[in-house]
Amino acid sequence: MTEAGSTSAPTASSALTPASPAGSSEARLRVFRGTPGSEPRFDEFDVPVEDGMVVLDALHWIQGHEAPDLAVRWNCKAAKCGSCSAEVNGRPRLTCKTRLTDFEPGEEITVEPMRTFPLIKDLVTDVSWNYEVNKTIAPFTPPTDMPQEDWRWQQEDIERVQEYRKCIECFLCQDVCHVLRNHETERPFMGPRYLVRAAGLELHPIDQADRRPYLKDSGGIGYCNITKCCTEVCPEHIKITDNAIIPLKERVADEYYDPLRWAWRKMRGEGSGSGDRVELPVLQGEPATPEQAPD
Amino acid sequence: MTSPNDPQTRPHDVLVIGAGGAGLRAAIAAAEAGADVGLVCKSLLGKAHTVMAEGGVAAALRHVAPDDDWKVHFRDTMIGGKYLNNPRMAQLHALESPDRVRELEAWGAVFDRTRDGRILQRSFGGHSHPRLAHVGDRTGLEMIRTLQDRAVAAGIQVYMECTISRLTTGPTGVTGAVGYWRTTGRTIVFPAKAIVLATGGIGRAFEVTSNSWEYSGDGQALAYDAGAELIDMEFVQFHPTGMVWPPGVRGLLVTEAVRGEGGILRNAAGERFMWKYLPEERRHEYAADDAEAATWVTALSQSKQTDARRPPELSTRDNVARAIYNEVKEGRGSPHGGVFLDISYLPADHVRRKLPSMYEQFKELADVDITKGPMEIGPTTHYVMGGIKVDAETGATRVAGLYAAGEVTGGMHGANRLGGNSLSDLLVFGMRTGAGAAAHAQTVDGEPHMDPVQVRGALRDLEAPFERGSGESPYAVLRALQVMMQRLVGIYRIEADLDAALIELAELRRRWAEVCVDGGRTYNPGWNTVFELGNLLTVSEAITRSARQRTESRGAHSRLDFPDTDDAVWGHRNSVIAKGDDGRMSVHTAPVPDMDPELRTLLEADHR
């Protein structure tokens, strides 16, 4: 192991070692290390490469051989649980799904924590803000006067809802969202993940709750200016912007900006129609900003 | 740094340890019964192993097969379990699983639909009818998200990334739990009137497993140390289809739904070998030839009824796993030491729709397009049928106030579990156990008194790995354990190997007592591994001792030196593990609980 910026001699295996046909190559990983309050740094590791290896395998190799206290959050190693999110060469990704062969032979692979959330240690961030946001969404509300035996719907009626429900809560969409990145602690926007959850509830064939006032006022749906960054990083390939956020924006617009509805609300003496406003939680702790790491 | 001798204290009526399906369902039931509930999980909420369950949840809803009912489901479960199941558990499970599945739908789960708009059901090994409610091949995700949302809406207090290392007991039973936050290392004690263990399985004791790091036998070991009994620990399910390549994903699950949708197993010579391995007494339940199997698959893909019988690949998991093992051992394996599983003969869009996450998994991780060619697969450690002995009605252990539900328990599945029965198990017994624990909590006055000597001892044990100045890495000992268990206590067992395993386990335990960890207490995976390794050593010894005692082959337990099923001696005996008065592990047997005569008549047509 060598530390970036140290004066020690380079290790025997250079990052430029080409991938040999015999498969005896190594990959060089630069891994963010640190805790809040400590001097952050990048440690470098040369990891032997096996066929099909992913970044998470390389991190496990480092834990087992070089740095047993390296903090990495992971569970299933199969892209089903959404625990091992990190930024690999600057791009938010699941490390269990990022193949070492995705990089050029000899290319250094830099692994950093998600920077939108407060750092706990190394590659692990405090994502509890997301769970607090989730609590503010009205849960599934079926009709009270309809026996469950009569809940019939066709497969094509629920395919969109099932798309939203594929979400594995990796929070990569929250990480990449510039609205969340640009607001450090008081975040006025629930973020793509929770718009996807809200869409799954709003478009459920029999859900009865109206979340439009919440989405507009508390959830801050207007903050999204549909740059589609979230869609690009979604490992489940959910079309977050096109299939979840835009339909919700349209619903909210129909309710609030339709002149007839506006006039109706005026006549009934309603304000802008916020309903019960729920405050989004305040982010606790310092986001893991890139400035923390000397480059 | 916070002193670890200064723990936080969080009292609850009911403390649920583990937030997979069983723990979540128990927490919801306990909260509905009016208890103040704390829910502790080692990971973030919603990441537990239930999320990995793919194929479906078994319940005789009768939406696809009108001939199905709870009696057929009960019978299938007992046959699959080779009659070692606790019959009352199998009965309750078959009776109540349809209501538990409908309840999930009422809480917002969106299952795949039949043509008449109801919950669709698919076929799985050992089930007489299409019985598994499902959402493509991500049923577990749908279930855990639904339960998670329900628990959040119920306001249940969740302790995420928190590990429990010890249960404390007193003259009246369990009094609480001691643990620490993985995120900070700070210790925490939970005085509790009742505790539910729902920590899942033990797969990490083996080298090749479909299980994540979380599956380290925590609940089994905590219960054993607190005085509860473990039963049938020799029955470890090796799932027939895990990925074998690339090395980083070796053991990763390939859902049985691939076979449920028509996947065909072939060896390197192209032979459909499962025809050779169907047990004679069950052969009449399977197709006679390729043509009949193809008729069954065609009818299935068009959602039509058929009289054709199911393909041989849908034999029970224990049988398919042994068949694959034999094919490889006899030199008919695939290039990476597995066999081929092929679904590519069906239309590509059909395969992608029915098995979307398998399609992704192979494309992304192995560069294999399963709509164009076969997968390479082989057996992988998947599930433990054995576990904590519980009362069928309430999930109570023999320690007052200590309850358990889900994979951590034994009895429900006997010697072999049918696919789909674990998700229904955790719903049915999660609910019953949460209610049982809440009822017990109501009988306890005031906050339980946690014996300070026990608490101090537990806190000291948490500190110990830091205080040893030098020693081996816990990862090295864990790795040695996994390699040893795979080699000596795997799919096929023999007395000499099991004896050798017990000697190695004693040596590994000695090495474990001296491991040392680097770094601080904040999110330190090496430190976490120390306690998980201790639990794995306990369950590995329980598996090995039980396997050595059972001198027959039955279900998932295959002895080369005792290849036959011995009903006369073993047909009605559960293995029992308990901590002796001398602190050593004792192994003995107990009769399988009596079966209601009415249930017996359901089995008579089949029972030998």
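What follows is what I looked up, entry by entry.

**Ground rules.** This is a predicted model, so to speak of local features I need pLDDT of at least 70, side-chain atom pairs count only at pLDDT 80 or more, and totals for chains, interfaces and linings use all residues. Residues are numbered from 1 along each chain as its sequence is written, with chains lettered from A and ligands numbered from 1 in the order in which they are written.

**Domains of chain B.** Domain 1 covers 8–238 + 382–451, domain 2 covers 240–380, and domain 3 covers 453–590. Taken over C-alpha atoms, the centres of domain 1 and domain 3 of chain B are 23 Å apart.

Domain 1 of chain B puts in 46 residues and domain 3 of chain B puts in 42. For elements I use DSSP runs, numbered from the N terminus: helices (H or I) of at least four residues and strands (E) of at least two. Those giving two or more residues to the domain 1 side include strand E8 (162–170), strand E10 (187–197) and helix H5 (218–226) of chain B. H5(B) has the largest share of that side, five residues. By class, I get 20 nonpolar, 15 polar and eleven charged residues on the domain 1 side. Here Ala, Val, Leu, Ile, Met, Phe, Trp, Tyr, Cys and Pro count as nonpolar, Asp, Glu, Lys and Arg as charged, and the others, Gly among them, as polar.

**Chain A against chain B.** The contact uses 45 residues of chain A and 50 residues of chain B. On the chain A side, the elements with two or more residues are helix H1 (55–65), strand E7 (119–121), helix H2 (128–135) and helix H3 (155–164). H3(A) gives the most, with four residues. The chain A side divides into 20 nonpolar, twelve polar and 13 charged residues.

**Thr35(A).** I found Thr35(A) in the loop between strand E2 (26–33) and strand E3 (41–48) of chain A. Beyond four places in sequence, its contacts are Leu119(A), Lys121(A) and, in the other chain, Thr522(B). The C-alpha atoms of Thr35(A) and Asp122(A) are 6.5 Å apart, although 87 residues separate the two along the chain. Buried or exposed? My cut-offs: buried is 20 or more other C-beta atoms within 10 Å of a residue's own, exposed is 12 or fewer, partly exposed is in between, with C-beta atoms placed from the backbone. Thr35(A) has 16 C-beta neighbours inside 10 Å, so I log Thr35(A) as partly exposed.

Pro246(B) is in the loop between E12 and helix H6 (257–260) of chain B.

**Strands of chain B.** Strands pair here if DSSP finds at least two bridges between them. Four of them make an open antiparallel sheet, in the order E12-E15-E14-E13. Strand E12 (236–243) and strand E13 (264–266) are at the edges with a single partner strand each, so one side of each has no neighbour in the sheet. Within the sheet, three bridges join E14 (residues 339–342) to E15 (residues 375–384), and Leu341(B) has Met375(B) as its bridge partner.

I also looked at E21 (residues 573–579) and E22 (residues 585–591) of chain B, antiparallel and joined by seven bridges. Ser575(B) sits opposite Thr589(B). The two strands form a hairpin with five residues between them, and Gly583(B) in the turn has a positive phi of about 85°.

Key:
Contact = placed C-beta atoms within 7 Å. Domains from an automatic or database assignment.
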